[in-house]
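Reader: I am new to this structure. Please take a close look at one part of it and tell me plainly what is there.

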Amino acid sequence: MATSTSSRLNKAVKHQYMSLPQGDKVQAMYIWIDGSGEGLRCKTRTLDSEPKTIEDLPEWNFDGSSTFQSEGSNSDMYLIPAAMFRDPFRKDPNKLVLCEVLKYNHKPAETNLRSTCKKIMNMVENNHPWFGMEQEYTLLSTDGHPFGWPSNGFPGPQGPYYCGVGADKAYGRDVVEAHYRACLYAGVEICGTNAEVMPAQWEFQVGPCEGINMGDHLWVARFILHRVCEDFGVVASFDPKPISGNWNGAGCHTNFSTKEMRDDGGLKVIEESIERLAKRHRYHIRAYDPKGGLDNARRLTGRHETSNIDEFSAGVANRGASIRIPRAVGHDKKGYFEDRRPSANCDPYVVTEALVRTCLLREEGEEPTEYTK
């Protein structure tokens, strides 16, 4: 099995140094999304004391020409701390710091999609929008081969792997367990995990989170997953269709509700929102993967528990629909709905913003509305 060379370094030796006291100093790892819109970058600085709030964290900078975010002739970019978490790798009092990226003129970078999302969420804060996102991913060896798959063939067909138990059904559970505990330590709102339909494919769920917190917590959960995989010498892929053929793809199903939907009689509000989503299907498809729908086209084929990318559909307990109303919601006449279209590599800021724009701000058409305030 192809694992990274660094994963084979002696971890006991590393622990000898990590257990040294660090005095009053604190290590803060600044994390940001790079110019690809999918990749994460990080670097660390020393602080003189433990930060208690975001305001205690200084702005910083980096070379944007090395992250696909600027030209070399004008490469300085600014890191603006946005959300802070405990560091599960260096442990307390050290921190993980999720940052927004600003350009040299202090305007948001092109892939700083948090900035607009936060403005939209502030416009609807009285509606208390809640989100829960189900992040699917695939574990790969460093050579790109699915972790645990035979080197010269395929495992048995799908069927026994979903929520499976046993060495012949669950591939890479050590990574999953480590990631889960690390997220809990960090303060990420992770609420569950399970093995998925394709072997070496897993899912974790984050939420419910209100407003901008959904994107913050999912991005940090992704970062922690990449770091855990780094220690194990494997790779976490968010490709929506990592293996072509008769294998399930990977999505990021998004559950959405407002206070009105959660109150008695909320099913009517849910149905009204679904009607608005039906009229804006193409806009949402473009928003639901970083390549404007091209990545999702490989996944949303109408097979393997997906809807067809060109058609909008909705139904109770229907996993082949664009929008699924859980059976319990249909029974209770209130709750939430699940948008099954977002891809595994979606930007959660864009997905949550799109749902709010269509369902709460009642936007129409194929382009987002620009607001002056």
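Author: The count of disulfides is zero, where a disulfide is a pair of cysteine sulfur atoms within 2.5 Å. The model is a predicted one, in which local features need pLDDT of at least 70 and side-chain atom pairs pLDDT 80 or more, while totals for chains, interfaces and linings use all residues. Residues are numbered from 1 along each chain as its sequence is written, and side-chain values use heavy atoms, without hydrogens or water.

Cys99 is buried at 7% relative accessibility, whereas Cys163, at 43%, is partly exposed; buried means under 20% relative accessible area, exposed over 50%, and partly exposed in between, with a 1.4 Å probe and protein chains only.

Now to strand 1, residues 26-33. Strands are DSSP runs of E with at least two residues, numbered from the N terminus. Seven of the eight residues in strand 1 are buried. Strands pair if DSSP finds at least two bridges between them, and strand 1 has two such partners to describe here. With strand 2 (residues 40-47) the pairing is antiparallel and has eight bridges, and Tyr30 is opposite Lys43 of that strand. Six residues separate the strands of this hairpin, and Gly37 has a positive phi near 80° there. Strand 5 (residues 95-102) runs parallel to strand 1, joined by four bridges. Opposite Ile31 is Leu98 of strand 5.
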